[in-house]
Amino acid sequence: MNRSLAIVLGALALGAAVFAGSFLAARHATILCCAKSADDLSWLRDEFHLSDAEMARIRQLHEGYRPQCAKMCALIAAKNAEVQAALGNGTNVTAEAQKALADLGALRAQCRAQMLQHFAAVSQAMPPEQGRRYLAEMNRLTLTEHEQMENSMSGDTGHEHHH
Amino acid sequence: MNPDDIKLSKLLRQSRLSPPLPPRFRENVWRRIEDAEAPAKPESWFDVLAALVLRPRFAYATAAALVLAGAWLGMRDGMQTTRLDAQARYVALVAPNALH
């Protein structure tokens, strides 16, 4: 019985090692292989089955949007620094800080609108069904998840947040 | 056969000394025959499994199946990870963190 137990346990350990080894090796090889050929837009091509012509159009839109997006990010970062400076170490929210916060909110809203416009433009460069799927996916990834986080926070604290 | 050969063979057979048999030789032989003819003790399922595991054909087939299953699942997992990474990279480019 003891000998049989040792044999069965040894076989199980060996089997687990063989399985784990081949799993990890294949996973590593696949990640290395796919990461080599991936660029910033490879996800779009693979996920929405886009042709070269559609990808060329989307790449053009993407290249046009990137500088605008970077500019907005720089403005938001500067305004954020302004808010921090206005808040300072004081215990009151001054009028200056309130204005800076309102400006920051406006900038973020502008940035978000610009982003949504870009999503719409990209979706129009795709076949209609894929375009709808792209919009839904981008909304889920950029807006819905953020809203869910806000909702969960408002649920936890019992406060209502309206944006 | 030559009659001389027969004679020679007989002489050779007589000259060969047979060693003395060990004590209770006959009894031991019969006991071993009886043991061999007796039905084998029933083995537990664990012993059966151990015996199966030690069979080369079973061991090779199991190892091959495990390698194939591991490689297939690893490839699937790798593709999924790559897909999520690529998605995250794209989203980070078009939806800056400054918005959150």
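The paragraphs below walk through a predicted model of two protein chains, from the overall layout to a few single residues.

Let us begin with how to read the names and values. Residues are numbered from 1 along each chain as its sequence is written, and chains are lettered from A, with ligands numbered from 1, in the order in which they are written. Since the model is predicted, local features need pLDDT of at least 70 and side-chain atom pairs count only at pLDDT 80 or more, while totals for chains, interfaces and linings use all residues.

Now look at the layout. Chain A has five helices and zero strands, and chain B has four helices and zero strands. Here, helices (H or I, at least four residues) and strands (E, at least two) are DSSP runs, numbered from the N terminus. How much of each chain is buried? A residue is called buried if 20 or more other C-beta atoms lie within 10 Å of its own, exposed if 12 or fewer, and partly exposed in between, with C-beta atoms placed from the backbone. By that count, 17% of the 163 residues of chain A are buried, and 10% of the 100 residues of chain B are.

Contacts tell us about the fold too. Two residues are in contact if their C-beta atoms, placed from the backbone, lie within 7 Å. Among the contacts in chain A with a separation of 6 or more, 50% join residues 24 or more positions apart.

Next, follow helix α3(A), residues 52–87. The 36 residues of α3(A) should span 52 Å at 1.5 Å a residue, and the end C-alpha atoms are 51 Å apart, which agrees. The expected span of a helix is 1.5 Å times one less than its number of residues. Along the way, α3(A) has a kink of about 25° at Tyr65(A), shortly before the proline Pro67(A). The bend at a residue is the angle between axes fitted to the seven residues ending there and the seven starting there. Which residues of α3(A) are buried? They are Ile58(A), His62(A), Met72(A) and Ile76(A), and the buried residues of this helix pack against α2 and α4 of chain A. After α3(A) comes Gly88(A), with a positive phi near 50°.

Helix α4(A) covers residues 95–124, 30 residues in total, and reaches 43 Å from its first C-alpha to its last, close to the 44 Å expected. Its buried residues include Ala100(A), Leu107(A), Arg108(A) and Phe119(A).

How do α3(A) and α4(A) pack? Two packed helices are described by the angle between their axes and the distance between the axes. The axes are lines fitted to C-alpha atoms, for helices over the stretch in contact, and angles run from 0 to 180 degrees between N-to-C directions. For α3(A) and α4(A), the angle is about 170° and the axes are 9 Å apart. That makes α3(A) roughly antiparallel to α4(A); angles under 35 degrees count as roughly parallel, over 145 as roughly antiparallel, 65 to 115 as roughly perpendicular and the rest as oblique. The contact between these helices has 17 nonpolar, five polar and five charged residues. In these classes, Ala, Val, Leu, Ile, Met, Phe, Trp, Tyr, Cys and Pro count as nonpolar, Asp, Glu, Lys and Arg as charged, and the others, Gly among them, as polar.

Further along chain A, Leu143(A) sits in helix α5, residues 128–157. Leu143(A) counts as partly exposed, with 16 C-beta neighbours inside 10 Å. Leu143(A) and Leu116(A) are 27 residues apart in sequence and 9.9 Å apart in space, C-alpha to C-alpha.

The two chains also meet each other. Their contact takes 39 residues from chain A and 35 residues from chain B. On the chain B side, α3 (45–53) and α4 (56–94) each give two or more residues, and α4(B) supplies the largest share, 23 residues. This side has 22 nonpolar, nine polar and four charged residues.

Finally, visit two loops. Most residues other than glycine have a negative phi. His49(A), in the loop between α2 (42–48) and α3 of chain A, has a positive phi of about 50° although it is not a glycine. His49(A) is exposed, with 11 other C-beta atoms within 10 Å. Arg24(B), in the loop between α1 (3–15) and α2 (25–37) of chain B, has a positive phi near 55°. Arg24(B) counts as exposed, with 9 C-beta neighbours inside 10 Å.
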